[in-house]
Amino acid sequence: MKYSIASFISGLVFGLGLIVSGMSNPEKVLGFLDLAGLWDPSLAFVMGGAILVGLGAFAVARKRTLSFLGFNMTIPGHTHIDKRLVIGGLTFGAGWGIAGFCPGPGLVALGAGESKAMVFVAAMLAGMVIFEVIERARTKA
């Protein structure tokens, strides 16, 4: 039960942060990505703030074996850059640039009833299914 409550509160804070920062607004995001046009640098401050919070959180997490809720801490140890990571990053960035949403803001916008988010989330789910099919075929080979 405490995991569900903590997950709900974390998701609520994250979603509110996305709304307040403008990350759930595709026009704002596309303005940030439009380096050759009318570039809007305001989201760089959001990303910088997120990185600072993340650095602090990871520094605390690396010193712990259990989370504050008593669960095992599992921090990814995979640090090398390979072809799959590069292709995945480029695909993710292309989708973000085309739609103006990444998954979190897309779900927040869907919850707000934005019609563009419905198309984005449907495409995101289709991409997840395609990934799963490719991964299963890859592991069988």
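Is Ser-21 buried or exposed? In this predicted model, in which local features need pLDDT of at least 70, side-chain atom pairs count only at pLDDT 80 or more, and totals for chains, interfaces and linings use all residues, residues are numbered from 1 along each chain as its sequence is written. Side-chain values use heavy atoms, with hydrogens and water left out.

Ser-21 is buried, at a relative accessible area of 18% (buried, under 20%; exposed, over 50%; partly exposed in between; 1.4 Å probe, protein chains only). The residue belongs to helix 1 (residues 2-21); helices are DSSP runs of H or I with at least four residues, numbered from the N terminus. Not counting residues up to four places away in sequence, Ser-21 touches Lys-28, Leu-43 and Val-46, where contact means heavy atoms within 4.5 Å. A polar atom of the Ser-21 side chain lies 3.2 Å from the backbone oxygen of Leu-18.

Helix 2 (residues 26-33) packs against helix 3 (residues 42-62) at an angle of about 95°, with the axes 8 Å apart. Axes are lines fitted to C-alpha atoms, for helices over the stretch in contact, and angles run from 0 to 180 degrees between N-to-C directions. Helix 2 and helix 3 are therefore roughly perpendicular (under 35 degrees, roughly parallel; over 145, roughly antiparallel; 65 to 115, roughly perpendicular; the rest, oblique). Lys-28, Val-29 and Phe-32 of helix 2 meet Ser-42, Leu-43, Ala-44 and Met-47 of helix 3.

The axes of helix 2 and helix 4 (residues 83-99) come within 8 Å and cross at roughly 120°; the two helices are therefore oblique to each other. This contact joins Pro-26, Val-29, Leu-30 and Leu-33 in helix 2 to Trp-96, Gly-97 and Ala-99 in helix 4.

Terms used:
Polar contact = N/O pair within 3.5 Å; in protein donor to acceptor, adjacent residues only side chain to side chain.
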